[in-house]
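Here is a short tour of one model, written to be read alongside the sequence and the 3D view. Please keep both open as you go.

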Amino acid sequence: MLHLTMLLQHYGYGILFTALFLEMLALPLPGEMMMSYAGLFVYEGKLNMGMSIAVASLGVSAGITLSYWIGYRLGKPFVLKHGHKVHLGEPRWSP
């Protein structure tokens, strides 16, 4: 986490966008912690509040859109074929 905060301090909005984008693609990144540090940097005057909100919103929106598109394109057959590797086999699909 220290490495991510150092990156946020140096690269600001780009790292904020990238971290939230990748978090929405189900990668184990600490998006909430990143937003907390972004709030701290806004308080300290290192980042602009409006720009931080806009960049975070764009990162989350782009990530969730890509995640949806991947699910739409690959669909249920892909999950049924390969899902057992991540504990998403046939029994998890029953309503």
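Where is the place of alanine 26? Alanine 26 sits in the loop between α2 (13-24) and α3 (31-44), where helices are DSSP runs (H or I, at least four residues) numbered from the N terminus. This is a predicted model, in which local features need pLDDT of at least 70, side-chain atom pairs count only at pLDDT 80 or more, and totals for chains, interfaces and linings use all residues. Residues are numbered from 1 along each chain as its sequence is written, and side-chain values use heavy atoms, with hydrogens and water left out.

Alanine 26 has a positive phi of about 70° although it is not a glycine. Most residues other than glycine have a negative phi. Alanine 26 counts as exposed because its relative accessibility is 67%; the classes are buried under 20% relative accessible area, exposed over 50% and partly exposed in between (1.4 Å probe, protein chains only).

| Residue | Relative accessibility | Class |
|---|---|---|
| Leucine 66 | 31% | partly exposed |
| Lysine 46 | 49% | partly exposed |
| Glutamate 44 | 43% | partly exposed |
| Valine 60 | 29% | partly exposed |

Lysine 46 and glutamate 44 belong together: they form a salt bridge, with their closest N and O atoms 3.2 Å apart. The structure holds one salt bridge, the term standing for a side-chain nitrogen of Lys or Arg within 4 Å of a carboxyl oxygen of Asp or Glu.

Together with Trp69, Ile70, Leu74 and Phe78, Leu66 forms a nonpolar patch on the surface with about 450 Å² of accessible area. Such a patch takes residues with over 30% relative accessible area and no salt bridge, nonpolar side chains being joined within 5 Å; areas come from the Shrake-Rupley method with a 1.4 Å probe.

Finally, the largest pocket has a volume of about 220 Å³. Twelve residues line this pocket, and the closest to its centre are Phe78, Val79, Gly83, Val86 and Leu88. A pocket here is an open set of points on a 1 Å grid where a 1.4 Å probe fits, with protein on both sides within 12 Å along at least five of seven lines, and lining residues have an atom within 4 Å of a point.

Methods
Grid points are joined across faces, edges and corners, and a volume is the space filled by probe spheres set on the points. Helices (H or I, at least four residues) and strands (E, at least two) are DSSP runs, numbered from the N terminus. Patches are made of residues with over 30% relative accessible area and no salt bridge: like charges are joined within 9 Å, nonpolar side chains (Val, Leu, Ile, Met, Phe, Trp, Tyr) within 5 Å.
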